[in-house]
Amino acid sequence: MMRKIFGGISAFLQTQVGVIVATNAVWFIVIFALQIKSTYLYIVSGVIFVADIFIANYLFDRLVFFFSQFVLPIQTSKHRQEIYARVKNFDAGSRGPALFIKNGRVIMHEGEANKRGPGLIVLDTASAAVLRTDTEIKDTAGPGVKFTKANEYIAGSVDLRSQWQFIGPTMNSEQQTNGLTRDGFEISATISIKFRIKHPLENKPTESGVTSQYGYNETSVRNAITREVVQLGGDKSRMEWNKLPAHLVVNIWREYVRKFKLSDLFSALPTSEVGLQLADKTLNPRLQNNGELNESGLQIIERMINKRARYENLEALDETGAPTKEWVESPEFKQLQTRGLEISEVRIHNVHFDSALEEQIVAQWSAEWLNIARKEEAYLREKETLIETGARDEAGKNFARLASKQFSGKSNRPQENPFKTLQLLIQPLKEHIIGQSAANSEMESETRKLDEIWKWLLDNSAENSPQQEGKQP
């Protein structure tokens, strides 16, 4: 008890009023000790005591107002008044919660959530939240600083960044992707979903003057947190905003899997959604020359899931997976819009099924691949033979052109000396080989052979020249 009393006195003496009271108490003790009896002195001392308390409180209040502006990055006069009030409440012990939201997650000290006085929330550029009381939804808070009123607390927070969510048998997720094909086989798939809170048409600064690079749409944030979707089942629990995209995608996946046989999922199937193909640039790599798509059943399912999640209207498929030319509305797109969400991409990565069925399919694929490989081998051999024959013919033509180069365009009489004729045939061949294949080591031996033949022709040509001259009249 005594410790508590002395602790309270010590805390009081550390305040500006406590310092003034203690100082004046010492002054009056000195007056009494000196036995100074002057009414005027007592009156003046009392006036100074009251003036000191008033001036000290006023200066303290102004200093608190001045320095409180540097506690948070605030810019407006309204916010300056708000942070001043929060600092005074903190000093008085009647403050509300002081919270920080980073990437959609609320960070706070123990016991902060239980405080119900006026407080504040600091949100980074990737976060937003909705405030409420015990009876109603109140305001929406975007990136920056948000001052809360008494009895206001966070109803929910969101991450404004684009998010990837993976579901399937290998992802340890709550969403299961099991489905039945049209011929009764059970399969499951690993699916990834990229989604986010719907962005505004124009990115404007928040109440705190912060413009988030991720985009802040007050209506979308409010709808994502406050619009409820009840998950049917044993407990009929409320579905959180970031679980709705996966829930919708799984339902669409199961719906379309029922339209295809197991073999169709991995086989190329022609489709004719020309209007939708031209509108979706991501499909261009699969377009054929006639404007049709040549896709497997899985590719068709992936494309239709993306359209159901991203477009208001799309072309329907019949019970066999063929387009019906009938345009229908997408209920999933409307649900996402109502909840303030948008899906930007859905991918199907792996398909899983029974191990025995998998071995059967692999064996079937292996047989098909072997047949295709043999056909490709026969085709390549035939093509190689045609290329070889064509190259041989072209080489013969080139040889004939080179060998007859010395005789082309000449009207002279034929050489009577056969060795001279051979020289004229060999000379262009030798020049061509030396000019085109001088750097080729394999042609050196051929060049030496031509040199030997050329020397032999020169020797024989010289020996036969006198004989030819002797025969002339």
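Mentor: Gladly! Let us start with what a helix is here: helices (H or I, at least four residues) and strands (E, at least two) are DSSP runs, numbered from the N terminus. The model is predicted, so local features need pLDDT of at least 70 and side-chain atom pairs count only at pLDDT 80 or more, while totals for chains, interfaces and linings use all residues. Residues are numbered from 1 along each chain as its sequence is written, and side-chain values use heavy atoms, with hydrogens and water left out.

Trainee: How many helices and strands does the chain have?

Mentor: There are 12 helices and 17 strands. One of the helices, α2, is followed by Q35, which has a positive phi, near 60°.

Trainee: How far apart are the end C-alpha atoms of helix α2?

Mentor: The expected span of a helix is 1.5 Å times one less than its number of residues. For α2, with 19 residues (residues 16–34), that gives 27 Å, and the end C-alpha atoms are 27 Å apart, which agrees.

Trainee: Which residues of α2 are buried?

Mentor: Buried means under 20% relative accessible area, exposed over 50%, and partly exposed in between (1.4 Å probe, protein chains only). In α2 the buried residues are G18, I20, N24 and I31. They lie on the same side of α2, because they cover an arc of only 155° around the axis, taken from the directions from the helix axis to the C-beta atoms. The face turned away from that buried side carries the exposed residues V26, I29 and A33.

Trainee: And is V17 buried or partly exposed?

Mentor: V17, also in helix α2, counts as partly exposed because its relative accessibility is 22%. V17 and N57 are 40 residues apart in sequence, yet 7.6 Å apart in space, C-alpha to C-alpha.

Trainee: At what angle do the axes of α6 and α8 cross?

Mentor: Axes are lines fitted to C-alpha atoms, for helices over the stretch in contact, and angles run from 0 to 180 degrees between N-to-C directions. Angles under 35 degrees count as roughly parallel, over 145 as roughly antiparallel, 65 to 115 as roughly perpendicular and the rest as oblique. The axes of α6 (residues 244–257) and α8 (residues 297–310) come within 10 Å and cross at roughly 140°, so the two helices are oblique to each other.

Trainee: Which residues of α6 meet α9?

Mentor: With contact meaning heavy atoms within 4.5 Å, L244, L248 and I252 in α6 meet E332, Q335, L336 and R339 in α9. Their axes cross at roughly 175°, so α6 and α9 are roughly antiparallel to each other.
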